[in-house]
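Hi,

Here is the structure I promised to pass on.

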Amino acid sequence: MVVSMNRWVGKVAVVTGASSGIGAAVAKLLVREGLLVVGLGRRKEKIESLVSTLSGKQGKLFAVKADFTKEEDIKQAFKWTTENVGPISILINNAGTHIRTGLIEGDTKAWRTTINVNLLALCIATREAINIMRKNSIDGHIIHINSFLGHKVAPLPDLDVYPATKYGVTALTETLRGELNSFNLKIKISSISPGFVDTEIIADMKNNDEFKRIVPTLLNPEDIADAIVYALSTPPHVQVHELTIKPIGEKY
């Protein structure tokens, strides 16, 4: 199998949650690979700060503000992309959140936000992307950034609804695969499931002694960006269904 990003050069990719962490890392890498990348996020200024670091690269980064708790923001972002950059070929569903609150004495609003961003926003973005791909006869690729917690729950405190949302991403990936097959579409769908990555979402956990016992080494956002590019680089007839990535020594 020959892996190559050549088929995507000059094509449009949308990366959600592109202001930091995995989203920022993959946005930068895709620009270097020659793609037109639209980075979506609430903190537009952080995405814009990445633009100056990518001058002279083969591709280009565009920053678009979008609140992923609001359906209209998501829809408008895809409309803007089509009208100003072009029809989408790649969607990286990276936006995610976790407001740690527990289940026994948890806060309903926090649960709802985690569910809305991690599941509903992912579904809305996927729907909008596929509609654009179908309208423009594009055999695109959708990648869901999942988690190892979407396959196994680790014995850590205050995980509350987060693993449930990631198990949901696993189910949504396979349900979508079935729908794509039933419509005889050649759009690929991949799930990328990292172990713990050194990003903002675990900033309040990583110095905890119990956490460090279970996870002595963290992955870097760039490790996941490399994995995403690998999945995208496969030939049109090859589809990466699920890719799990963990750091050496992680115990779950």
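Below is what turned up on pockets, a cavity and a surface patch.

First, some ground rules: this is a predicted model, where local features need pLDDT of at least 70, side-chain atom pairs count only at pLDDT 80 or more, and totals for chains, interfaces and linings use all residues. Residues are numbered from 1 along each chain as its sequence is written, and side-chain values use heavy atoms, with hydrogens and water left out.

The search runs on a 1 Å grid over the protein atoms alone: a cavity is a set of points where a 1.4 Å probe fits but cannot get out, a pocket is an open set with protein on both sides within 12 Å along at least five of seven lines, and lining residues have an atom within 4 Å of a point. Volume here is the space filled by probe spheres set on the points.

The largest pocket comes out at about 920 Å³. It has 39 lining residues, and the closest to its centre are Asn-94, Ala-95, Gly-96, Thr-97 and Ile-201. Helices α1 (21–32), α4 (108–135) and α5 (162–182) each supply at least two lining residues (helices are DSSP runs of H or I, at least four residues; strands are runs of E, at least two). Of these, α1 gives the most, with three.

Next, the second largest pocket holds about 300 Å³ of space. Its lining counts 15 residues, with Thr-126, Arg-127, Ile-130, Leu-176 and Glu-179 closest to the centre. Both α4 and α5 give two or more residues to this lining, and α4 gives the most, with seven.

Thr-16, Phe-68, Asn-93, Ala-95, Val-117, Ala-121 and Leu-122 line the cavity. Helix α4 gives the largest share of that lining, three residues.

Finally, the surface: Met-1, Val-3 and Tyr-230 form a nonpolar patch with about 310 Å² of accessible area together (Shrake-Rupley method, 1.4 Å probe). Such patches take residues with over 30% relative accessible area and no salt bridge, joining nonpolar side chains within 5 Å and like charges within 9 Å; a salt bridge is a side-chain nitrogen of Lys or Arg within 4 Å of a carboxyl oxygen of Asp or Glu. Val-3 is in the segment before β1 (12–16).

Cheers
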